[in-house]
Amino acid sequence: MTTSMSSSASSDPGSAVTHTGVAPNGVSTNGSAQNGSAPNGAAVANGSLLKVPAWRLADAFDRAAPSYDAMVALSPGYHEQLRRSAQALMSRAALPVDRPMRVADLGCGSGASTAALLDAARSAGAGTASGANDPVVTGVDASAGMLAEAARKSWPDSVSFVETDALSWLRAQPAASLDAVLAAYLLRNVTERDAIVAELARVLVPGGAVALQDYSVAGRPLAGALWAGVCHAVIIPLAVINRSDVPLHRYLYRSVRDFDSVEVIHDRLTRAGLADPQHVRHSGWQRSMVHTLTAVAP
Ligand SMILES: C[S@@+](CC[C@H](N)C(=O)[O-])C[C@H]1O[C@@H](n2cnc3c(N)ncnc32)[C@H](O)[C@@H]1O
């Protein structure tokens, strides 16, 4: 795993994580947009109010980080859905012939989606399990705590992690510089969704692909009722019993309830100029709620 640091980075030698413009507590230090949803679910539309809610969400993920892997292990199908999204992404992305594949995992968290992305890229023929010509994978996340969990895992040298907000990171990338981008459970947490998707369209090489995975229940009353039931009967009560971050779990409920419909995400992709959006269907009891959309750069 690469262990580089930016000039503005805090200097903890041996850290696996590069910090670019976001302090360890997740506060943006470069004034750029951060995720704009408060733990209470209040969406922040624009302007100077963005910083405090952004800090709170990253802070909540920092606190949740040590138990995050155990928590998602309780969610049947979580890893399988990530694998399926990563495989769908790779099935759409053109493999480069003369260089390693360059891929990114936005909102990579503790690295579960990064591992799925690396495996799928290797399976698609980008690199080998022995590491030869391995895909170059960058995991990006605003939470230092989540990245610390990711960094504890074993990664090949071609994998690195960057602590910053996804939109800032995308804006810093050259045009046509990435072959594939996965964003699992990121888009719901940002207010500047069109800006993120526009940046994705800009940074992908022609033939590159994107996969956006998230919970979405808007426009699907049965899925909405199921989501409300699961949250109020299981997820939030369990958070109370386990003394984990109840506001973060309430935020999870509200952010999914209020998130884009699949159709709106589809429209965001096409409006940004990405071609042929395809809806990947998942299996299991969450199939009406977890959705992935893939699209390609023309
Ligand atoms: C629910 S976790 C998902 C993690 C991982 N993708 C997975 O599937 O296991 C969402 C992650 O997105 C990160 N996140 C939220 N908003 C972000 C933003 N604007 N920029 C970068 N990361 C963000 C959070 O810190 C958190 O680690």
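Predicted model: local features only at pLDDT ≥ 70, side-chain atom pairs only at ≥ 80, totals over all residues.
Start with the general point. Two packed helices are described by the angle between their axes and the distance between the axes.

Helix α2 covers residues 78–92 and helix α3 covers residues 112–123. Their axes are 8 Å apart, and the packing angle is about 40°. That angle makes α2 oblique to α3. The crossing of these two helices is right-handed. On the α2 side, the contact is made by H79, L82, R83, A86, Q87, L89 and M90. On the α3 side, the residues are A112, S113, A116, L117, A120 and A121. By type, the contact of α2 with α3 has nine nonpolar residues, three polar and one charged.

Now M90, which lies in helix α2. Is M90 buried or exposed? M90 has 27 other C-beta atoms within 10 Å, and 20 or more counts as buried, so M90 is buried. Leaving out residues up to four places away in sequence, M90 touches A120, A121, A124 and A180. Take A120: 30 residues separate A120 from M90 in sequence, and the C-alpha to C-alpha distance is 6.5 Å.

The other pair is α7, residues 221–241, and α8, residues 246–257. Their axes come within 9 Å and cross at roughly 175°. Angles over 145 degrees count as roughly antiparallel, so α7 is roughly antiparallel to α8. From α7, the contact residues include W227, C231 and I235; from α8, they include H249, L252 and Y253. The contact of α7 with α8 divides into 10 nonpolar residues, two polar and two charged.

Methods
Residues numbered from 1 in each chain as written. Axes fitted to C-alpha atoms, helices over the stretch in contact; angles between N-to-C directions. Helix = DSSP H or I, 4+ residues; strand = E, 2+ residues; numbered from the N terminus. Parallel < 35°, antiparallel > 145°, perpendicular 65-115°, else oblique. Left-handed = near helix turned anticlockwise from the far one by under 90°. Contact = placed C-beta atoms within 7 Å. Nonpolar A, V, L, I, M, F, W, Y, C, P; charged D, E, K, R; others polar. Buried ≥ 20, exposed ≤ 12 C-beta atoms within 10 Å, placed from the backbone.
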